[in-house]
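Here is my notebook from a friendly first look at this structure. I jotted things down in the order I looked them up.

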Amino acid sequence: MTMNADLRRERAAATFQPLLLTHILDGGPERTRRRKEIEALVLNDPDFQHEDLNFLSRSQRYEQAIRKSSLMVMKLREYGIADPEEIFWFKRTCIGNVPEPLGLHFSMFQKTIETQTTAAQKEKWLPLARGVKIIGTYAQTELGHGTHLRGLETTATYDPATQEFILNSPTVTSIKWWPGGLGKTSNHAIVLAQLYTQGQCKGLHAFIVPIRQLGTHEPLPGITVGDIGPKFGYDEMDNGYLKMDNFRIPRENMLMKYAQVEPDGTYVKPVSDKLTYGTMVFIRSLIVGDSARSLSRACTIAIRYSAVRHQSELKPGEPEPQILDYQTQQYKLFPLLATAYAFHFVGAYIKDTYHRISGDINEGDLSELPELHALTAGLKAFTSWTANAGIEECRMACGGHGYSRCSGIPDIYVTFTPSCTYEGENTVMMLQTARFLVKSYTQVSSGQQVTGMVSYLNDLSRQRIQPQHVAARTVTVRINDPVSLVEAYKARAARLVEAAAKNLQAELNHRKSKEDAWNRTSVDLVRASEAHCHYVVVKLFAAKLSEVSNAAVRAVLTDLCLLYALFGISKNTGDFLQAGILTSAQITQVNQHVKELLAVIRPNAVALVDSFDFHDVHLGSVLGRYDGNVYENMFEWAKKSPLNKTQVHESFHKHLKPMQAKL
Amino acid sequence: MALLETSKYSQGSVLGSVNPDLASERQTASFCVEKLTALLDGGAEQTRIRRAVVEAIQSDPVFSSENQYFQTQNERYEAAVRKAVHLQKKMHEMGWTENGPEYKYIYRALSGDVAFLLHRVFMRSISVLGSDKQIAKWIPLAAQLRLIGSYAQTELGHGTYLQGLETTAIFDIATQEFILNTPKISAMKWWPGDMGRSATHTVVFAQLYIHGKCYGIHPFIVQIRSLQDHSLCPGITAGDIGPKMNFEAIDNGYLMLKNVRIPRENMLSKFCEVRPDGTYVRQGSQKINYFTMTAVRISLISDEVLTPLMKACTIAIRYSVVRRQSKLKPGEQEAKILDYQTQQEKLLPQLAAAYAFHFINNYLQELFDRGYREIQRKNFDMLPELHALSSGFKAVITHHSTAAVEICLRACGGHGYSLLSGLPSLYTKILASCIYEGENTILLLQTARFLIKCFMAASAGQPVPPSVTYLAAVKPGKCPAKNKSDFLSPDIYTEAYQHVAVRLISSTAAKLQDLIQSGAKKYDAWNQCTVQLVQAAKAHCHYITVKNFAETVEKLETKAGIQRIMKHLCDLFALHGIFLNTGAFLHDGYISAAQMDMVTASYLDLLAVIRKDAVPLVDAFDFTDKSLNSALGSYDGQVYQRLYEWAQKSPTNKMNPAYERYLKPLLHNALSKL
């Protein structure tokens with residue numbers, strides 16, 4: 001089928017070459033080439049063809065996912081693909097963006113065995129895991145306990161007589177709940193439990209627990225395991241529950257790289273617990289990248305559809321215009337497009353930083369870790385909240401059709417939205433960042449200098465000496481200059497961190513307990529963290545511009561960067577006004593400039609989403625198809641609906657006909 | 001006492017005793033829950049009737065929604081048809097009629113999970129748009145379900161903008177018939193409920209052509225399926241549009257017409273008629289039709305928006321006193337998550353909004369009843385105002401409530417994502433309300449058009465409708481508050497809201513004028529101001545909501561603690577709105593930076609106050625466990641036990657064919673066999 005005329009026109013009118021921007025997003029032309037090469041392996045492979053998942057039941061979707069995971073294991077081996085990023089490209093092309101029941105086996109289960117076992121344990125378990133002789137998952141969360149790890153109730157009591165641990169789920173609330181792949185797929189689990197030895201509780205430790213019989217896959221005696229039922233999305237995933245009743249495992253099944261229990265029950269303490277930070281930073285940085293990708297996909301669908309859809313009249317007597325020509329539509333979508341780009345650069349930054357310092361971490365230098373840990377916690381929350389709301393906004397911008405599963409956006413949303421909760425609930429994450437910010441503020445107040453992303457707090461003490469400084473700042477903000485806008489965001493973050501820290505101090509002065517004071521300030525603290533993260537995003541986006549060599553691409557990215565920064569101000573004018581960073585007159589200018597930028601970006605909108613370079617398979621959307629042939633394909637799609645399997649639905653014979661006969 | 005009165009509604013639970021963490025919340029209520037329930041219902045008698053209807057429906061196993069979270073689209077659809085058929089019988093048995101006081105509670109008792117909702121719209125459109133003769137012919141058939149109707153307006157390529165519809169109805173004088181056609185794919189009817197599988201008839205909106213001349217959009221009754229065997233009629237292509245985010249029970253459909261002929265009498269002709277010779281005649285005023293559209297927007301607020309919002313608040317708040325997480329004080333047990341300020345900040349403003357919207361809905365209903373009486377007296381003066389209010393409030397309330405339900409969902413941590421929490425389906429259902437019956441942005445622009453017009457009129461000293469008279473009294477000035485307790489004065493914050501609304505409307509009007517004076521075309525100027533116009537319309541609705549809440553509180557009886565707690569909620573609703581939009585209030589210095597800190601302080605203080613009554617405030621909504629259908633929100637608070645028991649019923653726990661087919665070969669390294 002030919003390309004929709006509207007989309008063809010849009011693409012012809014772009015002022016830059018999308019491929020050059022794709023290279024930037026991928027990290028270079030060579031990586032773009034390799035990515036497409038790997039994607040082609042999947043796209044051209046008939047084994048990976050499948051029915052539209054929207055028409056399958058949960059059990060069927062689970063089965064499809066298992067089939068594809070199994071196939072993938074084989075194909076990856078066949079092609080010799082081992083680089084994590086290349087595996088990621090391969091996976092997302094063959095299983096789309098749905099979760100994978102075997103996902104936790106490849107990530108958390110293997111990674112934990114790699115990092116937390118002794119040499120002997122590694123030798124035993126790693127080949128089994130890598131060769132998929134066993135399938136494992138990672139069981140931490142319990143029915144009654146999530147983010148607060150110390151509250152977990154599962155127990156592992158050491159019995160020196162038999163040199164075994166006895167695992168128990170003592171209460172309903174202690175049942176393991178939610179782990180992916182636990183319900184139906186796994187035959188082993190790494191279980192987090194409170195260790196008891198010699199009558200004392202030694203806190204949480206990890207144990208490898210077999211849960212299903214090899215060969216028959218039946219649950220082992222003492223194990224109750226199953227699927228937790230349907231969720232908001234994640235149909236493929238058998239999130240599971242696990243209840244253990246005096247279940248015994250050998251002593252060697254405790255992961256003993258750090259802490260150990262000796263045969264007689266003596267407990268040997270671990271050296272440092274900061275090391276686990278590393279993994280958390282890594283996983284949260286992946287969520288930042290996922291925020292960017294998920295939002296990019298939603299933007300791609302909404303913007304292409306808005307170029308294809310015509311509605312109402314703008315000028316009397318003329319044909320219905322593309323809905324992308326309405327200012328309100330641009331105002332919904334373009335700031336999100338700018339946000340998607342911003343988050344791409346933030347995700348890349350965190351990943352690079354993590355790789356840069358992970359060498360230091362391995363050598364025991366943990367000095368940079370607290371800041372990176374605090375930063376990623378906040379950015380995980382900031383980006384996932386924003387992307388979550390943005391995906392919904394994109395769906396709403398597609399009107400009624402956005403609500404149909406054929407738009408693909410409902411799927412993006414339900415797959416993405418749990419990231420606001422998993423790997424650290426967002427509010428809790430924001431408060432972790434706040435703790436770091438308040439600590440840094442306290443250091444500055446006591447005369448020390450702080451470094452890194454919080455170094456702007458150093459300026460606060462100077463400002464106090466020169467009270468005119470803040471007022472003088474107002475006129476210096478140039479709303480056309482990204483660098484100047486970074487300063488404005490910096491000032492806002494500084495003021496909100498300071499306000500939160502002062503409010504916290506005031507609560508403490510009321511002789512409240514530390515915890516009470518913290519709780520009573522937590523709304524302020526979250527605001528401060530948000531402002532800090534917002535500043536970091538604007539800063540990283542602005543910094544990226546200078547790295548772009550192609551003038552046309554740099555120009556369009558500069559427009560997006562300005563839009564991101566100015567839109568953020570227009571949505572938070574109160575902060576900038578209250579702190580005296582901007583005047584009301586400047587705010588009016590900011591609002592006006594946002595609208596001007598919408599018109600500037602309009603001709604490049606389709607090219608900007610094309611640059612994300614999602615294949616139609618990645619989008620899974622009829623509305624967002626590259627060729628724009630939306631309506632024909634919606635009809636084709638609907639015909640496959642299960643309700644259309646027969647011309648006359650069985651409920652006619654069962655209910656309607658008998659009723660009408662009786663009347 | 002509240003406990004004893006309501007405990008009988010939790011009988012459906014197998015679990016028995018109330019979780020002590022929830023029980024303790026109910027013992028400290030500062031007001032009488034039963035009295036508040038009666039207030040919400042509009043009197044104790046209404047409460048009694050409602051409970052009787054709910055009891056009659058929910059004790060009938062045919063209406064059970066148990067296990068619906070595990071069902072496929074086909075199963076949900078079949079259940080909805082079964083319920084709709086059974087409902088006819090039930091109504092007869094119970095002596096309920098469509099005009100009786102019980103009727104409006106049936107839908108609530110069924111949680112909307114019933115087929116043939118569009119059948120009602122079909123009937124209403126015939127009653128409103130049909131001639132007396134047409135009404136006499138079709139309504140009895142429809143009332144007895146001898147036929148099943150639908151309402152086909154939206155097309156694949158066309159939604160809110162009716163003039164853009166492409167379906168055609170060409171009058172053929174020779175045979176005295178209309179010939180209906182779907183000329184291209186974007187003209188296919190798309191989305192109408194009950195049309196995919198159930199309907200035998202539908203009202204089709206099409207461009208009327210006589211002698212080659214187009215007369216615009218008109219409604220036609222078209223039979224689409226056989227009354228004998230339900231097969232599609234000749235020339236008809238129809239089916240289900242496929243899975244959506246929710247509404248699994250509804251067969252939203254598509255319809256393609258190819259030279260479908262219907263008799264001349266099938267054009268609904270109360271207002272427009274095509275005579276046998278092809279003469280087109282307009283008669284009477286169509287304004288009543290216009291009124292119907294606005295009435296629908298108001299009528300959906302209660303069942304489709306407030307009910308899910310109140311349910312979501314009930315679930316999230318009850319769960320938040322059962323769930324314990326981390327420690328607030330060292331050495332103590334883990335704290336209830338509702339004791340965290342951040343959790344209160346998420347949930348309590350949504351609770352306040354539920355009450356604010358309940359009261360504004362009452363206000364709108366009264367206004368509409370009055371408008372309807374006027375219209376029956378052929379006085380159409382109130383129409384523009386009613387239209388503007390219905391559009392704006394539909395948009396503001398659906399948007400705000402949708403966001404609120406999502407906040408409730410995410411405030412329940414991981415378990416909120418389980419369908420068994422009930423929250424995902426509340427969310428996916430309520431969010432459709434932002435689109436149907438008028439896309440929200442478009443509706444807000446309609447309100448804005450009215451506001452700009454009124455502002456211009458008021459500035460020129462002309463009279464304006466009552467809800468916008470404040471636009472005439474533009475006064476500059478500053479907020480007089482001196483300390484944080486001043487912000488608990490309704491006069492202070494209502495005035496602030498009014499100020500912002502006036503500022504946004506007047507500055508947008510000025511901007512429009514400027515653009516036009518500097519040579520911009522009217523439509524261009526309008527499009528360039530639409531972002532501001534939307535903000536202005538929202539500010540207007542927000543102001544009216546706050547004002548109405550404050551006035552309602554004023555009139556409440558002071559007994560039984562009701563007025564006091566409602567006053568707290570009103571304050572919270574108002575201050576939260578300022579807290580979220582500080583920029584709008586700071587912009588021209590109406591509220592100063594120092595005053596804004598007072599607003600924040602006052603707002604945060606209120607959270608702790610309302611926290612104590614949070615559970616009684618949701619208990620007052622009086623939802624049964626069956627209505628909530630939530631493992632997290634049940635009256636007894638036995639959250640974990642219920643989640644565990646319900647999960648075991650999942651079909652995924654019945655068998656696992658994937659093991660034999662794929663996992664076993666994988667584990668045995670027999671991958672090549674896959």
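Predicted model: local features only at pLDDT ≥ 70, side-chain atom pairs only at ≥ 80, totals over all residues.

I started with the contacts of E437(B), skipping its neighbours within four places in sequence: I found V296(B), R297(B), L300(B), K394(B) and L443(B). I then looked up its place, which is the loop between α12 (423-430) and α13 (440-459) of chain B.

Next I turned to a sheet in chain A. I read its strand order as β4-β8-β7, an open sheet of three strands with antiparallel pairing. At its edges I found β4 (176-177) and β7 (223-227), each pairing on one side only. I saw that five bridges join β7(A) to β8 (residues 240-244) of chain A, and that V225(A) has L242(A) as its bridge partner in β8(A).

I then followed the sheet over to the other chain. Helix α22 (residues 639-648) of chain B lies across β4, β7 and β8 of chain A, at about 110 degrees to β8(A).

Last, I looked at how the two chains meet. I found 128 residues of chain A in contact with 133 residues of chain B. The chains bury about 10800 Å² between them, 60% of it on carbon and sulfur atoms. On the chain A side, F232(A), Y403(A) and L643(A) lose the most area to chain B, together 7% of what that side buries. I also noted four salt bridges between the chains. I looked up the salt bridge of K654(A) with E78(B), where the closest N and O atoms are 2.9 Å apart.

Definitions and conventions
Residues numbered from 1 in each chain as written. Chains lettered and ligands numbered in written order. Heavy atoms only, no water. Helix = DSSP H or I, 4+ residues; strand = E, 2+ residues; numbered from the N terminus. Contact = heavy atoms within 4.5 Å. Pairing = 2+ DSSP bridges. Axes fitted to C-alpha atoms, helices over the stretch in contact; angles between N-to-C directions. Buried area = accessible area lost by both parts, 1.4 Å probe. Salt bridge = Lys/Arg side-chain N within 4 Å of Asp/Glu carboxyl O.
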